[in-house]
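Q: Could you go through this chain with me, setting each computed value against the definition that gives it its label?

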Amino acid sequence: MMETCSHCGQSYEPKRSNSRYCSTKCRVAHHRAKQQTAALVVACAVCGKEFEAGRAGALYCSPSCKGKAYRARRLEWQRRFFGRRPGGK
Ligand SMILES: [Zn+2]
Ligand SMILES: [Zn+2]
């Protein structure tokens, strides 16, 4: 009986009844793809909400959080530039 590979969708004849992939290569590739997807779910650096990052290195869940982070960073730069420290020390 023919089975359909869970990774590449090709029909193949399984050597074992519980196999889901046409080859070891497909089995490994499928698991790797799943791991990569999981790694792309990251917590927003501003609000902490988990979101799916469209690309590696994305830090914020939304443009509004990105804007907040940008403004916070700019305030921090201004504080350093004027030599003031938070807390008034
Ligand atoms: Zn396959
Ligand atoms: Zn956010």
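A: Two residues are in contact if their C-beta atoms, placed from the backbone, lie within 7 Å. The model is a predicted one, in which local features need pLDDT of at least 70, side-chain atom pairs count only at pLDDT 80 or more, and totals for chains, interfaces and linings use all residues. Residues are numbered from 1 along each chain as its sequence is written, while chains are lettered from A and ligands numbered from 1 in the order in which they are written.

Q: Which residues does Glu 3 touch, not counting residues up to four places away in sequence?
A: Glu 3, which is found in strand S1, touches Tyr 12 and Pro 14 once residues up to four places away in sequence are set aside. Glu 3 also lies 8.9 Å from Ser 19, C-alpha to C-alpha, although the two are 16 residues apart in sequence.

Q: What makes Glu 3 count as partly exposed?
A: A residue is buried if 20 or more other C-beta atoms (placed from the backbone) lie within 10 Å of its own, exposed if 12 or fewer, and partly exposed in between. Glu 3 has 15 C-beta neighbours inside 10 Å, and therefore counts as partly exposed.

Q: Why is Ser 17 called exposed?
A: Ser 17, in the loop between strand S2 (11–12) and helix H1 (24–39), has 7 C-beta neighbours inside 10 Å and so counts as exposed. Its C-alpha atom is separated by 9.6 Å from that of Met 1, 16 residues apart along the chain.

Q: Is His 7 buried, exposed or partly exposed, and what makes it so?
A: His 7 has 18 other C-beta atoms within 10 Å, and is therefore partly exposed. His 7 is found in the loop between strand S1 (3–4) and S2, and, leaving aside neighbours within four places in sequence, is in contact with Tyr 21, Cys 26, Ala 29 and His 30.

Q: How do you know that the span of helix H2 agrees with its number of residues?
A: Helices (H or I, at least four residues) and strands (E, at least two) are DSSP runs, numbered from the N terminus, and the expected span of a helix is 1.5 Å times one less than its number of residues. The 19 residues of H2 (residues 63–81) should therefore span 27 Å, and its end C-alpha atoms are 27 Å apart, which agrees.

Q: What makes H2 hardly covered?
A: Among the 19 residues of H2, the count of buried residues is zero. Over the chain, 4% of the 89 residues count as buried.
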